[in-house]
Amino acid sequence: MASSVLKSLMRFSSSGNTTTRSFCLVTSQISNHTAKWMQDTSKKSPMELINEVPPIKVESRIVACEGDTNSALGHPIEFICLDLPEPAVCKYCGLRYVQDHHH
C-alpha cells in the first residue's frame, strides 16, 4: 500500500499538480484503509489494547518513556512528570505511568 501511495504522489508531483491534490489522494487512501479496518469488529482497536495495560508504577517524579526496550521499535524519549495523582500518559505510545508512594 505504501509503495502505491508513493508512486501516486510521484506521478502527481511530476505532472505539475499542486501539493493539495497529492495530499487529498493520500487522505482518501488512508480513509479507505481505516474504514476497512474499523469494519472488522473481531479485533480490538489499538487504544483498547493499550488501555488493557495497567499503569506502570515508578518511584521517581519523572519517567522517561521510550515505548519499547528495543530502540528500533520505540519512539523518541518522552520525559513525563508524575506530580498529579492520576496516571500520566505518554503522547507517543499511550502507556500510563503513576508515581508509587511508599508512605
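Arg-61 comes out partly exposed, at 46% relative accessibility (buried is under 20% relative accessible area, exposed over 50%, partly exposed in between, with a 1.4 Å probe and protein chains only). Its salt-bridge partner is Asp-83, with the closest N and O atoms 2.8 Å apart. Keep in mind that this is a predicted model, where local features need pLDDT of at least 70, side-chain atom pairs count only at pLDDT 80 or more, and totals for chains, interfaces and linings use all residues. Residues are numbered from 1 along each chain as its sequence is written, and side-chain values use heavy atoms, leaving out hydrogens and water.

**Salt bridges**
- The whole structure has three of them (a side-chain nitrogen of Lys or Arg within 4 Å of a carboxyl oxygen of Asp or Glu).
- Asp-83 and Arg-61 pair up; Asp-83 sits in the loop between β3 (78-81) and β4 (88-89) and Arg-61 in the loop between β1 (56-58) and β2 (62-65), so the contact links parts 22 residues apart in sequence.
- Glu-78 meets Lys-91 at 3.8 Å, N to O; Glu-78 is in strand β3 and Lys-91 in the loop between β4 and β5 (96-99), so parts 13 residues apart in sequence get tied together.
- Glu-52 and Lys-44 make a salt bridge at 2.3 Å, N to O.

**Exposure of the partners**
- Asp-83 is partly exposed at 47%.
- Glu-78 is buried at 17%, whereas Lys-91 is exposed at 62%.
- Glu-52 is partly exposed at 47%, and Lys-44 is partly exposed at 43%.

**Annotated span**
- An unreviewed UniProt entry annotates residues 60-97 as "domain: Zinc finger CHCC-type" (positions follow the numbering used here, feature names are shortened, and annotations may be inferred rather than shown by experiment).
- That span is 0% helix and 32% strand, with its end C-alpha atoms 11 Å apart (helices are DSSP runs of H or I, at least four residues, and strands runs of E, at least two, numbered from the N terminus).
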